[in-house]
Amino acid sequence: MATALLAVDVQVDFCEGGSLAVHGGAEVARRLTSHLRRTKRDYALVVASRDWHVDPGAHFAAEPDYRDSWPVHCVAGEHGSDFHAAFDADLVDVIVSKGERAAAYSAFEGHTGDGRALADLLADAAVTELDVAGIATDYCVRASALDAVRAGFDVRLLGDLVAGVAPDTSSAALEELRAAGVEIVEVGC
Ligand SMILES: [Zn+2]
């Protein structure tokens, strides 16, 4: 039985100072690094997803509603799409990119540079348990964790290693995840 960690979208634009800043994003970056430095050997695989937009259509809007449309963010190759400086990407084994041509909230919609899907990476590493952390609780973390449950993984959400866009949608997301069978744990970073 192998466990993987999925770090969702710990990117410059989703942290304080970014174009779609989530309060607490930089702290998540710092804590994730600390958690991984302590526990990396326990994980068969550490995957980081990233929002990686080229032309995502209506996902970007001049007047976003902050539910289905958003300010321009995480444009592929620009600084805003980089992992946050406090997140030590040397601890990551594989990067999965998503959202080139359309909104993609779940890391399971993403692929590696050579076109491999996240589910296949995890299967190849014999992973059955997935720890999920990152940004944002109410959007990409939520969608990724729900897809992981649907794909048959035992999923834990690392509750002190996530940050959400808004308190009401974040607490609703945590309830939805619990109801779907996700275990929410604190890692103490
Ligand atoms: Zn996006």
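Tutor: Start with the metal site: donors are N, O and S atoms within 2.8 Å of the metal (3.2 Å for Na, K and Ca), and water is not among the atoms, so sites may look incomplete. Along the chain, the donors of the zinc ion here follow the spacing D-x1-H-x5-H-x13-H. One caution: this is a predicted model, where local features need pLDDT of at least 70 and side-chain atom pairs count only at pLDDT 80 or more, while totals for chains, interfaces and linings use all residues. Residues are numbered from 1 along each chain as its sequence is written, and side-chain values use heavy atoms, with hydrogens and water left out.

Student: What makes Asp 51, His 53, His 59 and His 73 donors of the zinc ion?
Tutor: Distance. Asp 51 (OD), His 53 (NE2), His 59 (NE2) and His 73 (NE2) lie 2.0 to 2.1 Å from the zinc ion, and the cut-off is 2.8 Å, so they count as its protein donors.

Student: Why is the arrangement around the zinc ion called irregular?
Tutor: The 4 donor atoms subtend angles of 89 to 164°. Four donors count as tetrahedral if all angles lie between 85 and 135 degrees; four count as square planar and six as octahedral if opposite donors are over 155 degrees apart and all others between 65 and 115; anything else is irregular.

Student: What joins the side chains of His 73 and Asp 51?
Tutor: A polar contact of 3.0 Å. The term covers a pair of N or O atoms within 3.5 Å; within protein, one must be able to donate a hydrogen and the other to accept it, and residues adjacent in sequence count only if both atoms are side-chain atoms.

Student: And why is Asp 93 called partly exposed?
Tutor: Its relative accessible area is 42%, which falls between the 20% and 50% limits, so the label is partly exposed. The side chain of Asp 93 makes a polar contact of 2.9 Å with that of Lys 40, and one of its polar atoms lies 2.7 Å from the backbone nitrogen of Val 46.

Student: What makes β1 largely enclosed?
Tutor: 7 of the 7 residues of β1 are buried, so the rest of the structure largely encloses this strand. Strands (E, at least two residues) and helices (H or I, at least four) are DSSP runs, numbered from the N terminus. Both faces are covered: Ala 2, Ala 4, Leu 6 and Val 8 on one side, Thr 3, Leu 5 and Ala 7 on the other.

Student: How do you know that β1 and β4 pair?
Tutor: Two strands pair if DSSP finds at least two bridges between them. β1 and β4 have 7, in the parallel sense, with Val 8 partnered by Gly 134. β1 and β2 have 5 bridges, also parallel.

Student: Why is helix α3 described as largely enclosed?
Tutor: 10 of its 14 residues are buried, so the rest of the structure largely encloses α3. Among the buried ones are Tyr 139, Cys 140 and Leu 146.

Notes
Buried means under 20% relative accessible area, exposed over 50%, partly exposed in between (1.4 Å probe, protein chains only).
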